[in-house]
Each structure stands twice: as structure tokens, then as C-alpha cells.
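This report describes one protein chain for a reader new to structural analysis. Please consult the sequence and the structure below while reading.

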Amino acid sequence: MWLQFMLSFLGSLLLHVSLVSQVPHFQQQSFAARGDGKISSIQQDGLGFMWIGSDEGLFRYNGHEYRQLFSADSLDHLQVSFLYLDSGDTLWVGTSTGHIYTIGRDQVLDSWIFDKHLPRRKITGIIKDETGRIWISTYGSGVFVQEGNNLDSLSMTGGLLEDEIYAMAIDSLQRIWAATDRGVSICQLEQGWQVRNLGRSDGLIDEIVYLLLQDEQRMWLGFQSGGIMGFDVLADSLIIPKATWQWGETTGMALKNGDIWISTTGGLLKYEDDHAYNNKHIAKEGASIDLIYLDNLQNIWIVENHTELSCADLIVEVALGEVGDIQAVLADQSGNVWVGTAEGLFSFIDDSFEAIAPYRDNIISLYEDPYGRIWIGTFGEGVIIWDRENNRTHRLSEAHGLKNGSIFSIAGNLDRVWLATLGGIVEVRQHAALLEEEIKFLQLDDINDLAVSFFYTVFVDSKGVVWFGTDGKGVIKLESEVFVSMQERDDFPAKSVYSFAEDEEGNIWIGTAEHGLFKWDGHTFLKFDQMEGARNLPISTLALDVNGQLVIGHPEGIDLFDPEKKIRLPYRDEVSVQSLDPSMNAQCKNDEGIWIGGFNKLVLIRPANTANTWPKMVIDEIRVLGEVVPSHQPGSFSNTRNYVQFDVAGLWFGKEAALSYAYKLEGYDQEWQQSTDRRASYGQLMPGNYTFKTAPVVAEQMLEDKASNFSFTIRPPLWQESWFIIICILLTGILLWWYQNHRERKISMEANMAKERIETQYEVLKAQINPHFLFNSFNTLASIVEDNPPQAIEYIEKLSDYYRSIIQLRNQKLIPLSEELDMVNNFIFLLNKRFGNHLVVDQEIGNIRGWIPPLSLQMLVENAVKHNTVSRRSPLYIKLKRTDDYIIVSNNLLPKRSPTQSTRFGLQNIQRRFDILSKKKVIIEKSDQYFNVHIPIINQHMSTP
């Protein structure tokens, strides 16, 4: 045939086509707007924020804005030279001026405690090892290590190659590597410093080492002019690439999934093969890349011209080439990728498209059989079977009996191949010697009454069941040599089916033209509508990656769909996949990922780590009445601080425009609230417990499992606090108890006082009216009447006044001191008429202000007369004297020969009454010559008479 002739004539001739290499799509992050400050370092913290260090300051980036941090002791910009995140999520900041700062979860910049002991040299590296030691490298003063309270150092005098250190890293043996102009120094601090140096003489490809990068067992070195090389730490041997380096100085290295990304002054590279050193020129050819960083959200960050910051999603890479509309994609058993276009067949090897000269048909399907032959389906010209090993080919077309030469899809198993055409289904029995004889085939739709001629796709599942997608009759499957139409089922209304895929559990996923996505679990069809993450778009391609995520190709781009969580990640706004509109069957899968073809582009969807694919929500800042409060610990606020404001950040770098936010304050909101605003405010919150939740919203789907939350309490007013209520109840009970007890004691005391007053009155009256006192009084009166009638009248008046006073004052608790003295004077007058000059009463009162229980002084004067002899030979002297707070009643002791029996009623009565009415006590003093009683004077405010 003419194809065999052309193949033998051209041999393996390949035609190269112009292309732009396979690249991530970078989006600028507008850091250049910060001014002319050169970016020196990039680091992602434990929350997911990006920290950008430059000689104009330190900035934290949340995908929307840059927030600058200042040192606590200066308003000057920090000249940041190095950033490092340790295992405890502490961010270390090294500066060009030799200062070191730390930033914890509180986002506060603190000076390192040992900072004052460092020389003011540029910090080029910071590492915290497994023992907790802090290692610091400087440009000009060597290496420092802090352990406990000690800070030690190592310089050239201790064995370092140079004191000017460009970079520092730690290997799997916990050794510190230092990069210098003369090679690398490998340092250990075990019972003193141990240093091993590697230079040109030890096999290094260049003396000047700029970069160090460690993986599990190797240390990678980046050189000024020699590219990179590795050192196997366990084998203690060098790994030297074989290719010649041609991309200038290495400026940065980063490790991702075993690949090493390298930024250089000549562009961005990816190093995949240790020994062959198969450099794949990935992006930015000719551009000077100053820095590279890989974050934990599967993004790659680069810095160009020292100020231009960009990032790209590593999930999606795109290869561009002038190949036309890619209509079929195949990954063969060797890992090579083939694409079929309207212009013919192309290979995609080592990131290059190359045309396969003999095959210039309009190719719409590709398939590799178990024998390594490639089946090439064309539009209108049948199928070409290409045996690459033996340089043989065969075409099967309408000229050979096919009903239709448009082969939309090809699939097979070990012994059969099925062709889906616009004229039915063709089955070919295959074997190793297929091309050595006439190819026989069956037109299955002629044998079986399938009532449909247009077949778009064919798919063979893991059980050997063959699935056919039709135009107008939905799904037809071939199982155990029997065709079964599934169109009549109520749970599958779709008529046009474009694609199939199978997951690890054996479920069949089906992409349709008008009804979106379905899953067949062996019994029923389950439709995924827009509320469940899928959309009613024509689904032209379907594939499942190694993580179980569906890669869905449609006219608007690509979606990653998580079947378990029913959430969809759209890739339709990125320039690289905009209007991709892949053709049916224009996809395949190999170890690198899933390949999907579009117009002049081949998109690679790498396996996505589901934990890091979706946006991460962070509660960035919390303000209570404008005051910033910590967001990493629960809050408790008073009832007057009930205005709370939350600033949130959706960390989804490069895709922020597709992100919105959902908020819910549990305890306040009934439903989730969605907004594009990154701030939520709540005012006049009532006392209670609250939990603020925020979740990202992507493609109208709220990802609640990615929510972040903050719990806090608005405390009730003091009088509503439970402890306060309990205390009040207890205090009320105590007060009631005290009041009741006090009332009872008061009643009891009043009763006792009343009783004592009655007893006092009784005793006084009894004493004053006893016959002996009356007899003596009347005898005295009789003698006075005869000798001195006017004096008798006075005596009678005094006696009358005395008894009148007793009657008037007997019911009062307290009486003025003046009234008590009047009553005592009347009593003394009566006694003087009885005893004459033999009774001498002296008064030194002076100040008569104050109060006193009634009859107190009278009873003491009476007791003195009662218990002592009053005669001419032995006069009785009684003295009443006032001090500041007391009245002292004293008398000389003249005991009677026949003592009067004492009831001690008088003194006890006085003492008990003063115990009740005053805190001051009655003082009784007795000696051989005198008897003294001190009675307190009561101020009016102490008791009311």
C-alpha cells in the first residue's frame, strides 16, 4: 500500500513544529507596587500566609493585600535577608544588619533573646535541629549555634572554608552544611567542633556554592556557573549530572514530589532524573529568576527582576504548539504521549511536539493494543493500524467494507478491539500477527438490532463489560455477549453520551451532552446536579486520577470533582485552560497525570493532593470594639464589649477572584450568609456562647469541611452571673439569718433589760420604803420639825422629789448625766440629814454631758452607805469624779462589825446594763483602804435613750 511505501521511504522521519515548552501558568502578585525593595526570601507559615522579606521590610500576604510588620524597637523598615519556619511554627527573621526576630501565632515581631550577642553581619541561614539547637549562618562571621544559655561560633580559625556563608542546610545525619566561595563545609558539634570540607579537588563541579537543598538522603548543591549536583549522604558519594549546564547562575532550588525546581539567571528548570540529568526547560526562558519557593498549597512562587512576584498552580501545566485542534490523546506503554489533530499525528516527548510525517489524516481517536500497535482513528478515512516495531501499517476503511469511515472512539482488551463510528459498532478480533493476514471484522449493529447508528465513545471496564455512548439512545453495554440498552430506565434520561470512566470501586462514571454527570453503581444511576458540585454541561472527557478525583473536560475548561465530598474545583478562569473545549476522547492518563487536548495546547492535570487543593480559610484578625484580640485561643468578653468584627482570608493564591465566603455565627445566625466581603461584623450581642464559622465558597459550593471557627463568650452583667446570683442568695440567707438572730437577741436583751429594770425598781423601792429607812427618815423629820420647821419642809420636798424621780426615770434605758446627778444629790441630801457631818460626799464632775443608765450612781452611793460604818469616829468619805470617758465612784472602806448580807444585785445590775448598752466595761477596783467603781459615760450616738 502507499502508506507502506511512504513509511519505508521516510523511515522514522519526524517533522519538528514550533512550540512553547510545558509551563505552569504564572500570575503576578503585584508586589512590585510596594516600591523598589528587592525581595530576598519567601516563607509560608503554619496558617498558610505567605511572608515576603525584602530590603524594604517584612510583609505578610494573604492573597489580597500585603501587611507590613515593624520591629518593636524601631519604626525603620527591616532589611530582611532570610526567613525560616521551625517545627513549632515560629517564623524566624534574619536581617542584613545582623538582627534576628521571631514571630509566633500572635503575629508579633519579637527580638531574639540572643540577638544582642551576634555580630552585625548579614544573616544568610537559620536552622533548628532535632535537639532544639539554633544554627545561624552569616556573611562575614561564619556560623553560630545556640544551645541552652550558650552561644558558640565557628569561623575559618576553627576549620571553615570561609567566613562568608551564602547558604546553610542540615542533612539527614544532623550535620550542618555551609556554602562558600571555596566549596562547602560540613560541620558537627559533638564533643567539640568537627569540620569536613569539600571543594574542587573532592569532585565539586564549581568552587562557588550559592545554594543548598536537602531531601531524605541527599544534599543538593547549586553553583555559580556549574548548575547543580547532589551528594548522597548515606553512601557518601557525589551525584554528578551528565549534561552540560547552560542556564547561568543558580539562584534558587525547591523540592516537590521528588522533582527539583531550579531558578536561574537563564530561566526556570525542573530536574527529574538524577543520573541522566534530563533538564526540562519549563518556563521563562531567557528571564532572570532570582528566587523560587514551593508552598504547601501546590503553588510555585518565583521572583523576577528582584521585585516581580508571581505564582502558579502546579496541578495544571500546559504545553503549547502550532498543532491545531487536538482531537485525540494517547499515553502508550512506554510513557510517551501522542496527539491526533486535524493536521495529523504528533508525538509529545521531552516537552516537544513532533509531527509523524506519514500520518497527515484528520485524526479523531487513538488506541494502543496489548501488542504495542497504535490504532489511529480518522474522520472519514477509517482506522490505521501502525506496528511501530516492524514499521508496518494497515488501513481499514469503507473500501474494506466498513459502513462508515469516521472512527470516533477505539477501545479493546486482549483479543478484541471495538470501533465506535457514525455507522455503528465494529469489532475486530486481534492477535499478534494481525497485520500479516487479511483483517476480519464484524459490524455488530447489523447482527444486533441496536436501533442506533451514531456511536461517540466506547469504554471497556475492569470486568470486561463494554460500554457504548450513543447519539440519541443513551448508554448501551455489551456484557456476556449480550447488548443491553439502558435508555428505558427512569433514573437515566440522557440520550447523548460522550465519555466514560471507572473508579477503584468499580463504579462507572458517565458524561452526557445535556444532563451532566452520572454514576452507575451496578444497580442504579445517581445524578450529580449543580447543588452537588456537578454542572449540566456537555462533558466531553472524563478521567479519574490516582487520588480518586474526577477530571472533567467541558467547553468552559476543566473541573476537578471530589466524588466523596461532592465539591468541584473549576479551572476555567485561568488563561491556560480558558475555552479549552476538549474534543470527545481527547484525554488519556499516565504516571504524570491526566492529559487533555485543546486547540494548540496540551494540558497536564497532575494528581491533586485533596488536602492542599482547595482553599484554606483563616480567621485573620478579630476586633472587639476596635481592639485586636488573639484568634488562636477562645475569647471571653464583658457584656459592654459586645461588638465583634472578624476579618477572614481565603488562602487560594492565584485563584482569589473565584473565591467568596460564607459566614455563620452560631448562637446568632440561623443560616449561613454568603458574601464577597472578607469582613463580618456583629453588634449588640446578647450574653451567651457563640462560635463564628467561615467557609470558602467556590463555584457556588460552600466547602464546609474547610471552615475555620472561633468560639467566644459574651459574659452577662455582674448581676446576671451565676456565681454572683449564688453569692447574693447566700448573702441574703446569711443576712436573713443574722437579722432573725439579731432580732431574737435584741428581743431577749430587751426582755432581760425590762426584767432587770423591774427588779431594779423593785429593789430600789423595796430598799427605800423598807421600815428601817422610813423610820430613820421620819425620826430625822420629827427632830427637824420641832427644832427647825423650815428645814423640815425642805426635807419633805427633797424626799418627795427623790421618789418622784425614781417613778419618772425607772422605764428609760439611758438618762442624761445631769438628771442622774440631780437624783443623786437629792439622795445625798436625805442621807446628810440622817448622818450629818459623818457622811462626806465630794463631787468633781465638771462636764455633765453624756448619758448613763438610771439609778447607776445612786445605787453605788447607796451600796457605800449600806456596807460601811458611818459615825463620828469613822466618817465615810464618798467621792464622785469624772475622767474623759468614766465617772469614778470611790469610798473609803469602813466595814461594819456585823456586815449587812449582800445580794450583789446592785453591781451585777449595773454591769449587765452596761454590757448591753456600751462596748466599754464597768471597772471594779478594791484595796485595803478604798473601793472604786468606774462607770462608762455613753455618748448619745451609741444608743438612743
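## Charged pairs, cores and strands

R606 counts as buried, with a relative accessibility of 15%; buried means under 20% relative accessible area, exposed over 50%, and partly exposed in between (1.4 Å probe, protein chains only). The model is a predicted one, in which local features need pLDDT of at least 70 and side-chain atom pairs count only at pLDDT 80 or more, while totals for chains, interfaces and linings use all residues. Residues are numbered from 1 along each chain as its sequence is written, and side-chain values use heavy atoms, with hydrogens and water left out.

The partner of R606 in a salt bridge is E592, which counts as partly exposed at 26% relative accessibility. A salt bridge is a side-chain nitrogen of Lys or Arg within 4 Å of a carboxyl oxygen of Asp or Glu. By this rule there are 34 salt bridges.

| Salt bridge | N to O distance |
|---|---|
| R606 and E592 | 3.8 Å |
| R67 and E621 | 3.6 Å |
| R388 and E368 | 3.3 Å |

R67 lies in strand β6 and E621 in strand β55, 554 residues apart. R67 is partly exposed at 28%, whereas E621 is buried at 13%. Both residues belong to a network of salt bridges with shared partners, which also includes R60, D620, R623, D647 and R679.

The secondary structure of the chain comprises nine helices and 71 strands; these are DSSP runs numbered from the N terminus, with helices (H or I) of at least four residues and strands (E) of at least two. Of the 945 residues in the chain, 53% are buried.

Which residues have the most contacts inside the largest nonpolar core? They are L839, L857, V861, I878 and L880, in a core of 49 residues. A nonpolar core is a set of buried Ala, Val, Leu, Ile, Met, Phe, Trp, Tyr and Cys residues joined through side-chain atoms within 4.5 Å. Helix α7 (residues 817–835) gives this core its largest share, 10 residues.

Strand β20 (residues 218–223) has five of its six residues buried, so the rest of the structure largely encloses it. Two strands pair if DSSP finds at least two bridges between them. Strand β20 pairs in the antiparallel sense with β19 over five bridges, and five bridges also join β20 to the antiparallel strand β21. W220 stands opposite G230 in β21.
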